[in-house]
Amino acid sequence: MPRSMPVSQLVTTLATHIGRDNARLELKWLIQAIHSANRTKFPSLSTMLSRRIHGEPLQYILGTQPFGPLNIITRRPVLIPRPETEYWTLHLAHGITPSPHKPAHVLDLCTGSGCVPLLLCASWSPGSTFALGIDTSLEALQLAQDNARAHASVVALASPHPQTRSNERPNLGPGPSGSACPIPLANATKNVFLPLHADVRDTPRLIQILSPWRPFDVITANPPYIPRDQYAELDRSVRDFEDPVALLGDPPGVPDSHGLTFYRDIAGLVSQGHVLGADGWLVLEVGDGQARAVENIVHTVARMKNTEIWTDQWGKERVVVARYSK
């Protein structure tokens, strides 16, 4: 499609793909972006419309996605934050109240853009939270760092300082789970986020990596969960642009498990002990129709019997929440 096509014709073409009302709304957002304070970073309107017609997600074109009070940077191919993830993260943030005197250790597995731990850091009192984000993707970890820097007013980006022994880290006292809470604060007036390269599927190595910071008071995860037989049916804006590694619930070479492989890995990690505190929360986003199966995995593998299922803003079972005690 030639880039010289008139804008009006591009909008008409876009409307045939996403509907007239959606096309008008997206056109409004694109124009607003061009006329924003950061307008120099955007290409021409016709270029952006052409990219959208070819299926590229609007969030990649605009470069950001609202997520609670945050404006999360988005960059291909890292998974774009979804509204349902924002919904349950805010719900979780309202249900827990860490403080500088009772700080929380948060572990976010498959952190991607870092949107979940950063929103928790932004929602809780300054100096009350240390959030560790784990991912295997270096592109995702770089984006998570960029997002932390973009929100430096509410979160400090930490360095792992591998040369420092864990017992030399600053100790802010007991966390909500009653454990010592060694938070490597760069600034005591902010919460702290540390993105770290690790593989949730390599349990022995991950436990070793986590040793300076565990046990955690909250473990969250929005892992890959799309079953193989559903991947080809995804919208092309997802299938052709977002990282399949962040989508497919059963990685290549792993037996088909209806998209549940990572939940078994996470439950296995939690079952090892000293990873989740005695009063800790395990919060897992799940795909459509997976909640009951994931709840069963949590019961049998993680041996956590106290569970509940949260629905999203559209009434779908979206999150499995587990605790050792009420």
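The questions and answers that follow concern a predicted model.

Q: What makes up the protein chain in terms of helices and strands, and how many of its residues count as buried, as a percentage?
A: The protein chain of this predicted model has twelve helices and ten strands, and 54% of its 326 residues count as buried. Among the contacts with a separation of 6 or more, 68% are between residues 24 or more positions apart.

Q: Why is helix 2 called oblique to helix 3?
A: Helix 2, residues 20-34, and helix 3, residues 45-53, pack at an angle of about 140°, and their axes are 10 Å apart. An angle over 145 degrees would count as roughly antiparallel, and 65 to 115 degrees as roughly perpendicular, with the remaining range between these two counted as oblique. The angle of about 140° falls in that range, and therefore helix 2 is oblique to helix 3. The crossing of the two helices is right-handed.

Q: Which residues make the contact of helix 2 with helix 3, and what classes do they belong to?
A: Helix 2 contributes Glu26, Leu27, Leu30, Ile31 and Ile34, while helix 3 contributes Leu45, Met48, Leu49 and Arg52. By class, this contact has seven nonpolar residues, two charged residues and no polar ones.

Q: Why is Ala15 called partly exposed?
A: The relative accessible area of Ala15 is 21%, and partly exposed covers the range between the limit for buried, under 20%, and the limit for exposed, over 50%. The value for Ala15 lies in that range, and therefore Ala15 is partly exposed. Ala15 sits in helix 1, residues 7-18, and touches Arg20 and Ala23, not counting residues up to four places away in sequence. Ala15 and Ile53 are 38 residues apart in sequence, and their C-alpha atoms are 9.0 Å apart in space.

Q: What makes the eight-stranded sheet open, and which strands are its edges?
A: The eight strands form an open sheet in the order 5-6-4-3-7-8-10-9, with mixed pairing. The edge strands are strand 5 and strand 9, the latter made of residues 306-311, and each of these pairs on one side only. On average, neighbouring strands of this sheet are turned by 20° against each other, direction ignored.

Q: Why is strand 6 described as largely enclosed by the rest of the structure?
A: Strand 6 spans residues 191-197, and six of its seven residues are buried, so strand 6 is largely enclosed by the rest of the structure. Strand 4, residues 129-135, is joined to strand 6 in parallel by six bridges, with Asp135 opposite His197. Strand 5, residues 155-157, also runs parallel to strand 6 and is joined to it by three bridges, with Val155 opposite Asn191. Helix 7, residues 138-150, lies across strand 4, strand 5 and strand 6, running at about 165° to strand 6.

Q: How do you know that strand 7 and strand 8 count as paired, and in which sense do they run?
A: Two strands pair if at least two bridges are found between them, and strand 7, residues 216-221, has five bridges to strand 8, residues 276-285, in the parallel sense. The two strands therefore count as paired, and Ile219 stands opposite Leu282 in strand 8. Helix 5 packs on the sheet, touching strand 7, strand 8, strand 9 and strand 10, and its direction makes about 160° with that of strand 8.

Q: What joins strand 10 to strand 8 and to strand 9?
A: Strand 8 is joined to strand 10 by five bridges in an antiparallel arrangement, in which Val283 has Val321 as its bridge partner. Strand 9 is also antiparallel to strand 10, through six bridges, with Thr307 opposite Ala322 and Trp310 opposite Val319. Strand 9 and strand 10 form a hairpin with five residues between them, where Gly315 in the turn has a positive phi of about 85°. Strand 10 is mostly covered, with six of its seven residues buried.

Technical notes. Residues numbered from 1 in each chain as written. Predicted model: local features only at pLDDT ≥ 70, side-chain atom pairs only at ≥ 80, totals over all residues. Heavy atoms only, no water. Axes fitted to C-alpha atoms, helices over the stretch in contact; angles between N-to-C directions. Helix = DSSP H or I, 4+ residues; strand = E, 2+ residues; numbered from the N terminus. Parallel < 35°, antiparallel > 145°, perpendicular 65-115°, else oblique. Left-handed = near helix turned anticlockwise from the far one by under 90°. Contact = heavy atoms within 4.5 Å. Nonpolar A, V, L, I, M, F, W, Y, C, P; charged D, E, K, R; others polar. Buried < 20%, exposed > 50% of the residue type's maximum accessible area, 1.4 Å probe, protein only.
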